[in-house]
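Below are my notes on the model, written as numbered points.

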Amino acid sequence: MMSDWNEMLVEQKVTYSLEMNGKFFVIENVPARVNPETGEQFFCPSTVERLQQIILNQEEPVRFVETPVYNFAA
């Protein structure tokens, strides 16, 4: 019998990123349950609400990061 998939998840802090309306948002130290084999991340509903609140309210960031952008087309 296979073990429950939920038992394979590990609680850890992750970095969440999102592009919206031409802006790139990075949120660090987000609590998530992570599948160590696939890297898939699962967030509880209250965490998702907080992520949305941070991005929609465009809260004051703790720092800025300069990021290069490349075009994949050959």
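1. Accessibility terms come before anything else: buried means under 20% relative accessible area, exposed means over 50%, and partly exposed lies in between, with a 1.4 Å probe and protein chains only. By that scale E28 is partly exposed, at 38% relative accessibility.

2. The model is predicted, so local features need pLDDT of at least 70 and side-chain atom pairs count only at pLDDT 80 or more, while totals for chains, interfaces and linings use all residues. Residues are numbered from 1 along each chain as its sequence is written, and side-chain values use heavy atoms, with hydrogens and water left out.

3. Side chains of opposite charge can pair when their charged atoms come close. A salt bridge here is a side-chain nitrogen of Lys or Arg within 4 Å of a carboxyl oxygen of Asp or Glu. The rule gives a count of 3 salt bridges. Helices (H or I, at least four residues) and strands (E, at least two) are DSSP runs, numbered from the N terminus.

4. E28 and R63 form one of these salt bridges, at 2.4 Å from N to O. E28 belongs to strand β2 and R63 to the segment after α1, so the pair ties together parts that are 35 residues apart in sequence. R63 is partly exposed, with 47% relative accessibility.

5. A salt bridge also joins R33 to E11, with the closest N and O atoms 3.1 Å apart. R33 is in strand β2 and E11 in strand β1 (residues 10–20), so this pair ties together parts that are 22 residues apart in sequence. R33 is partly exposed at a relative accessible area of 29%, whereas E11 is exposed at 56%.

6. Which residue forms a salt bridge with R50? The partner is E59, and the closest N and O atoms of the pair are 2.8 Å apart. R50 has a relative accessible area of 38% and is partly exposed; E59, at 34% relative accessibility, also counts as partly exposed.

7. Most residues other than glycine have a negative phi. N29 is not a glycine, yet its phi is positive, about 60°. N29 is found in strand β2 (residues 23–34) and is exposed, with a relative accessible area of 57%.

8. Q58 also has a positive phi, about 45°, and is not a glycine. Q58 sits in the segment after α1 (45–57). Its relative accessibility is 47%, which counts as partly exposed.
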